[in-house]
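This briefing sets out the chain-level architecture, selected elements and contacts of the structure shown below. Please read it alongside the sequence and the model.

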2 protein chains.
Amino acid sequence: MATTPLDMATYIPPDSSQPPADFVLRLTVSASIPHHRTPLSPLHFLLRAALIVPDKLALVHPEKGYRFTYSQWAARTLSLTFAINRLPGWKRGEKVAVIAPNTPLILEAHNGILAAGGIIVPINIRNTQAEVRYVLSHAGVRAILVDSEFEHLVPRDPHLDGGKAGVAVIVSHDTGGRAGSIADAYEGFLAEGRRYWEEVQRKELEAVRNLVLPEYAARRDWELIEVTSNEDEACALCYTSGTTGRPKGVLTTHRGSYLAALSNAYESKIDRFSVYLWVLPAFHACGWTYVWAINAAFATHYILRKVDYDVIWHALTHSGVTHYCGAPTVQLAIVHHPDAKKVNVDGRGVVRVAVAASAPTASLLGKMEALGLEPIHVYGLTESYGPLVQRYPDPEWKSLNVDERARLMARQGHGFLAADEARVFKRPEDFDGDWSKVHGPLRPVKRDGKELGEIALRGNLVMLGYFQDAAATSRVMKDNWFMTGDLAVRHPGGEVAILDRGKDLVISGGENVSSLMVEQELAAHPDVLECALIARPHPKWSESGHAFVVLNSCALQREGGYANVKSGAAATARMHESFRAHCKARMSGFAVPQWFEIVDELPKTSTGKVQKNVLRERVKGYDDKQSKL
Amino acid sequence: MATTPLDMATYIPPDSSQPPADFVLRLTVSASIPHHRTPLSPLHFLLRAALIVPDKLALVHPEKGYRFTYSQWAARTLSLTFAINRLPGWKRGEKVAVIAPNTPLILEAHNGILAAGGIIVPINIRNTQAEVRYVLSHAGVRAILVDSEFEHLVPRDPHLDGGKAGVAVIVSHDTGGRAGSIADAYEGFLAEGRRYWEEVQRKELEAVRNLVLPEYAARRDWELIEVTSNEDEACALCYTSGTTGRPKGVLTTHRGSYLAALSNAYESKIDRFSVYLWVLPAFHACGWTYVWAINAAFATHYILRKVDYDVIWHALTHSGVTHYCGAPTVQLAIVHHPDAKKVNVDGRGVVRVAVAASAPTASLLGKMEALGLEPIHVYGLTESYGPLVQRYPDPEWKSLNVDERARLMARQGHGFLAADEARVFKRPEDFDGDWSKVHGPLRPVKRDGKELGEIALRGNLVMLGYFQDAAATSRVMKDNWFMTGDLAVRHPGGEVAILDRGKDLVISGGENVSSLMVEQELAAHPDVLECALIARPHPKWSESGHAFVVLNSCALQREGGYANVKSGAAATARMHESFRAHCKARMSGFAVPQWFEIVDELPKTSTGKVQKNVLRERVKGYDDKQSKL
């Protein structure tokens, strides 16, 4: 099994990752920064961990058999910082892209690029080369750190450099610099950085000896780096994978990243005894700032390149994992895995799981709870540093059954510790998706769980704006609010509940039908593994819902497999009727889907979201009768 | 028993503390504040709690039989805010003093005064009227909120107002506005504030109806208050009770208070199931920012006016208390109380206790652990928002005995989550206490646990400076570092360990003797309850230590009481020899105190620190022989 760190014992970190004796783990502070105001930056967390718990395991990479303590990792990160600093013509504010799965490389980049005064551009490895080329070119990256498995995504064309000096491409073979391993360009890059760092330091010490600098003025190790003077400076540029149009670059700041990471550490109760399993891609909104939150808590990163459920269950069972994050589709695969059994970390109870994108269904919630996986439903966007809203479970829920708890947990809830209140404002009747055209004041919806509006955010956990896209930024900004595009209601307790993301709302006979609500209810049917609802034109009601359903293993076994279901019209009709009856018992008549369709699987985006645009395309070819059973 | 909230059931909060229907719990944000940057202010925590957990108990006041939910408390605080706003000629930046023991009043003031744009000046109720007069006059307070028990501390002279409009004095009888109680001026003040708030709101709504303001522009409830635009603005002015000279006013900011409160909530693992027992005075450095940290965590304030150990044990045993803070002298009284028994809060284990001023001795540590009180040793000053350094217990300590753990815990350790690294810099040989006279760069001590220097702090958890005392500020500032005056070493792990506060160092025969070290070791003697060491002139060694010792109950019982010990020279000599032998076995010869003196009790300041200046005065009258046994 890959997760057994069999050869870890023989692993010796390379020189570039060895902390020097009396390692100095502090940044130089500009004299212009007043004594009472250190700029907030997530970089502080790594240095603080290396100072206070130098020998604690910062990261474990069992697939590749290597690991670093916080002290080693801080030394390695400084080597990376200097390697970036010595790129020809490098200056503050430049961008470095990272193309990598979950590896030490991408975590290191989230500190090293920032320390060099740069902006990290994490690339979605499930994008096509054309998409990657667009992003690299739009961002104007100065260098690319790429994992060898994804080297094919790096475009080799002159278009990229846009007239500037060439773009440096550094390939990592994810060896951790293991002696005797194949040549690893990234490790060579770090070794160069280390030499440069030591050379600069030696010069400063010589200047002291030659009295050019006064005694004690020489800077050592991390002191060679100056902390940013402006906490509102951008530190990350994450491109959203929009379903329509070009990707947009979300610019976020040092201050926001610091406060978001603190919020995640507090809200998820991460401490120095925690082990965080990297299931969520780190390239996804800087891993929801967990790349820094884990360091803030002195916890351990447990890194897996692949979302392999055998490996995940091995880690959950044997490696003391306490936390992970993921979409419901990932959770489904985890709870239905044959190795699934109740986790109990050294008697310390549950594994805390942040679930985003959509709420866990009652069925999923029940299964997770039975396995000791404690879900917390969160909501956010790349534009909000990942999740910034969560449902606080009420102690009174203990008396409720799992169906009722799932229904309450489906609400997105309230803002994180350092987030401002999430609001919901009405859209004008003639709204066309562009808030810059909307005049007059924003009108909040009633807190009645009914009146529909758009979720709006502001404050420290909201992006600066879209990079070099003032038009796109102005479309989502209104009176200093960031308009998320997600439709929601507010309940009397003030909690926000999303009804639909963007275009997913079904308007049937003039009534608004929440596709999320229908999916949540339909998923409670005993035969259903997962489902998705889209709007489809209807001659009488203008629109009605078309539900795509994936059967669970019990139903498939009963019916003799998917091929059998597909070919057997009678069985299919019986099941459709069962779905319809289930829905009728649980929702208004206008909300019951007109059409059901049993499918083998749902099309999904690289981040696990159902691609409703693909489903919409598919039904365009249907006549009214087809699949209307 | 006063803590049994017998009559809570009959308590109905007054109208000024009743939340209106559809209570709006957000501040108005100036249009000048960009969308991505809400100014950090601890005021947000109360409003957020009232929004998300409106019906959760915010505070319980069992001695007076009243309590408020977060929603009620937010309404009450808004009433206070408006009451302050309508003081004649009130403007932002003015000061309001609070003279009160631990009561709802002082907690409310920490939000209401800030919301009115003012600066809170918490007064030490153990000060004399002359000291209070000095502080009020120096701060230039515009109003005084005073608990009726401490009304005698309010000076009634014209000197106070300094030519400005008169100082408003509002007396609280701590009734919570209970119907049928005696007239309570503070409750009347709140009622006036509530009327004013409702009137302003009504006018805004009328302006909307008359189309003077556009629809939705009218502000309601907390929206009538504008959040500060500048997070670096001062929000508190706490006077230190200096042992020499006039008290100095420590100015701290909204930003610092927010980050310190977050750090305390995270480091102490306070969450919404926590109950915080107010043993530490809230007037002491804003209760180390726990006045806000508890709100940030949605926890409950459990308030006691008096430090009465019967009442404290009742609370620990019966009221679900999970956290408290206090000096070792308070801890001593708690662990030696006849009602002491192991605490176990609903099976949730230990009560977390922050211990400051000096470290728990091995004896105290062992007793606390046996009772389920988990101590964490913290260090800080009023100038650093209370504690900002703590010792992270190492998991490896489990194998150590209590003596060894106490010795490691005596080190002050490392900075809090949002604190910068605490440093130790050498003092110049001719240092006279004034850093403004020191030229040349600061020189850090070696991390060898030996080289002595002064603890220096900077960053977000350090004060702005001393109010209207540029001279005192410049004496403690050097190259943007705040010099604490506390002498310390750094250990190889980077942790700071204080050897002496200010003038407590004993320099014997040219060797530095840490009074804290000697006290820590001497306290491990089986007869010793507590002790204090001071420097006393010595004909041969220039100085040597004089130890004052308080015997514990076992030793007193054995010797037949303190009067007996005092009069019995033989018994005294025997015990002195035993102390001397104990010290000789545990420290260098030059560090062993030359003199021992058994006393009935140690003189202490209002905050529980031993008054070494009093002890120094006392020995001035001694000849060399007296008490030299």
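The model is predicted: local features require pLDDT of at least 70, side-chain atom pairs count only at pLDDT 80 or more, and totals for chains, interfaces and linings use all residues. Residues are numbered from 1 along each chain as its sequence is written, while chains are lettered from A and ligands numbered from 1 in the order in which they are written.

**Chain A overall**

- Chain A contains 18 helices and 26 strands; helices (H or I, at least four residues) and strands (E, at least two) are DSSP runs, numbered from the N terminus.
- Along the principal axes, the C-alpha atoms of chain A fill a box of roughly 90 × 60 × 55 Å.
- Of the 629 residues of chain A, 52% are buried; a residue is buried if 20 or more other C-beta atoms lie within 10 Å of its own, exposed if 12 or fewer, and partly exposed in between, with C-beta atoms placed from the backbone.
- Among the contacts in chain A with a separation of 6 or more, 71% involve residues 24 or more positions apart; two residues are in contact if their C-beta atoms, placed from the backbone, lie within 7 Å.

**Domains of chain A**

- Chain A is divided into domain 1 (68-258), domain 2 (379-501) and domain 3 (506-620), with bounds that come from an automatic or database domain assignment.
- The centres of domain 2 and domain 3 of chain A, taken over C-alpha atoms, are separated by 26 Å.
- Their contact takes six residues from domain 2 of chain A and seven residues from domain 3 of chain A.
- On the domain 2 side, strand E21 (residues 496-501) of chain A provides the largest share, three residues.

**Strand E17 of chain A**

- Strand E17 (residues 453-457) of chain A is mostly covered, as five of its five residues are buried.
- E17(A) runs antiparallel to strand E16 (residues 423-425) of chain A, joined by three bridges; strands pair if DSSP finds at least two bridges between them.
- Within this pairing, Val424(A) has Ile455(A) as its bridge partner.
- E17(A) also pairs in the antiparallel sense with strand E20 (residues 481-490) of chain A, over four bridges, and Glu454(A) stands opposite Leu487(A) there.

**Gly509 of chain A**

- Gly509(A) lies in the loop between strand E22 (506-508) and strand E23 (511-513) of chain A.
- Gly509(A) is partly exposed, with 13 other C-beta atoms within 10 Å.
- Not counting residues up to four places away in sequence, Gly509(A) touches Trp541(A), Ser542(A) and Phe590(A).
- The C-alpha atoms of Gly509(A) and Ser542(A) are 6.3 Å apart, although 33 residues separate them along the chain.

**Helix H6 of chain B and the chain contact**

- The 14 residues of helix H6 (residues 254-267) of chain B should span 20 Å at 1.5 Å a residue, and the end C-alpha atoms are 20 Å apart, which agrees; the expected span is 1.5 Å times one less than the number of residues.
- H6(B) is largely enclosed by the rest of the structure, because 14 of its 14 residues are buried.
- Lys269(B), which follows H6(B), has a positive phi near 55°.
- The contact between the chains takes 39 residues from chain B and 39 residues from chain A.
- H6(B) gives the most to the chain B side, with four residues.
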